[in-house]
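The exercises below are to be worked through with the sequence and the three-dimensional view side by side.

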Amino acid sequence: MTRRAARRLAIGCPSWVLAGLVAGCAVNPATGGLDFMLVSQEEEREIGRETHREVLAEFGGAYYDPGLATYVERVGARIAKTAEIQEFEYRFTVLDSPNVNAFALPGGFVYVTRGLLALVGNEAELAGALSHELAHINARHAAQRLSRLKTRERICAVLICDSDVPVLQDLATIGAMLAFEGFTQEQEFEADRIGIRYLHAAGYDVSAMLAFLNKLRAQTELEARLAGTEDLPSEERQYSRTHPLTGERVARAGTISKDYPATRGRVGEADYLAAIDGMLYGNRREYGFVMGRVYAHPIRRITFTVPHGFALQAESRRVTAIGPEDSILLVEPSRLLFDGTMEDYLTGTWGKGIELRDVRALEVNGMAGATGWMRRDSPAGLFDFRLLAVHVEPGVIYRFLFATRAHMTERLSEDMRRTTYSFRRLSGDEADALQPQRIRVVTASDGDSVESLAAQTTFGDDAAARLSVLNGLEGSEVPAGRLVKLVRP
């Protein structure tokens, strides 16, 4: 099928069918337009229920704070009453993740991370984030994508396509990341437009959507500067790969907001800040801490530094760093009693069945290790994969998997070498100094400034800039009586 024909299917539901392909048309409840749809609302609910468990496992589970959970559910329910699809049982979950993100699954499942809640400044901004995700659900953006996938499957069945493509399990995570397809820019525009409509209907200040998008942009730019990726194109340093955050998107949201009455709706700053006061900020000790380009785990007592231009994320299962031109580093521990050499482990256990080149032993800060590499062709292009295994202690082997586009490998080789030899054990004092941080809401006093309040945090480098972004502050003055979020134990 041509790209042009596929586009016709997505937007206009043509009258013809292709050799057994039965197309379905449905009125989009949020937009009023006709969509090509092969996924029913019941199928969406089932997909959401099945995927919900996977989301909880991937993002560290639901954040345990009954009061905060109830508050988010109450705000979400207020927005959901304005949505077109009332057949879904909408569920709102706070994920125990420090990453700034919000997303939705088909069927009514909406998620916000505590990292996003830390950035939000009031109830209206939270409602704006939830409205955007509810708009994706009601505009059935995920269902449209699933329908296109089903179309390809059915066409392949008709044309007897060979879909049995072998994929190495060891590289499945990287393959999924490279192939991950988020919402399109137009779908993001549409979700903003519909979300602002929901926000107004629920009685909230519609300017909150624009305010929060600007906070997201400021946070993205700050993280890019701290990670050394500020020179990358803006589309390569989004707060989430599923949500393109361009200047055009922010500008459009501002224009849409002006279409609504200037009457100020509910903001709810005091209620919101009371709800998040004391919330965990950053990673838990059991996941390790991200400090710029440095990752440190106080319980496993290890640390390493990723290259300049790589953005670190610590998750429940692994540590991920994303660099230029789809460069990826995955790091994870493997608990396995292994008596052989690290070369044997690399070729016979972790890399079993893979033909590795230049396998050799090495010593990393007193720990035995081994490395080797291979080149693979993928749908995303030609990639080089370097495997590194380091024996930390009996029963614990750390695995580093570097993925670089073939033309980038030589350029990044020295950076990868530095990361390898930055891997070391933490001393007891270093490990004890790593403690979890929390949001602490305080009231600014006369004479307080961004600098004086930043000195009360544990941010360290760039403390004033981090405090400003966290609170949406401009300039150096902080009015007396203003509620301010600090980060400290």
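**Exercise 1.** Are F103 and Y111 buried or exposed? Decide this, then classify the aromatic pair that F103 and Y111 form.

*Solution.* The model is a predicted one, and the values used here are computed from it. Begin with accessibility: F103 is buried, and Y111 is buried as well. Next consider the rings, whose centres are 5.0 Å apart and whose planes make an angle of 25 degrees. Because planes under 30 degrees apart count as stacked, the pair of F103 and Y111 is a stacked one.

**Exercise 2.** Among the aromatic pairs of the whole structure, describe the one formed by Y71 and Y272, and explain why both residues count as buried.

*Solution.* In one of them, Y71 and Y272 lie 6.2 Å apart from centre to centre, with 55 degrees between the planes, and the pair is tilted. As to position in the chain, Y71 belongs to helix α3 (residues 66-80) and Y272 to helix α11, so that the pair links distant parts of the chain, 201 residues apart. For the accessibility step the cut-off is under 20% relative accessible area. Y71 counts as buried because its relative accessibility is 5%, and Y272 counts as buried because its value is 0%.

**Exercise 3.** Helix α11 also lies across strands; which strands are these, and to which sheet do they belong?

*Solution.* Helix α11 (residues 269-276) lies across β18 and β19, and its direction makes about 15 degrees with β19. These strands are part of an open sheet of three strands, ordered β6-β18-β19, in which the pairing is antiparallel. The edges of this sheet are β6 (280-281) and β19 (483-488), each of which pairs on one side only. Between β18 (residues 437-443) and β19 there are six bridges, and R438 is found opposite R488 in β19. A further helix, α16 (residues 463-471), lies across β6, β18 and β19, at about 130 degrees to β19.

**Exercise 4.** Trace how strands β14, β15 and β16 are joined.

*Solution.* Take β14 (residues 367-378) and β15 (residues 381-393) to begin with: they pair in the antiparallel sense over 10 bridges, and they form a hairpin with two residues between them. Within this pairing, M374 faces F385 in β15. Moving on, β15 is joined by 10 bridges to β16 (residues 396-405), again with the strands running antiparallel, and L387 stands opposite L401 in β16. The strands β15 and β16 likewise form a hairpin with two residues between them, and in the turn G395 has a positive phi of about 85 degrees.

**Exercise 5.** Over which rings do R78 and R252 lie?

*Solution.* R78 lies over the face of Y204, 4.5 Å from the ring centre, while the charged end of R252 sits over the ring of F189, at 3.7 Å from its centre.

Technical notes. Residues numbered from 1 in each chain as written. Predicted model: local features only at pLDDT ≥ 70, side-chain atom pairs only at ≥ 80, totals over all residues. Heavy atoms only, no water. Pairing = 2+ DSSP bridges. Helix = DSSP H or I, 4+ residues; strand = E, 2+ residues; numbered from the N terminus. Contact = heavy atoms within 4.5 Å. Axes fitted to C-alpha atoms, helices over the stretch in contact; angles between N-to-C directions. Phe/Tyr/Trp six-rings, centres within 6.5 Å; stacked < 30°, edge-to-face > 60°. Buried < 20%, exposed > 50% of the residue type's maximum accessible area, 1.4 Å probe, protein only. Lys NZ or Arg CZ within 6 Å of the ring centre and 35° of its normal.
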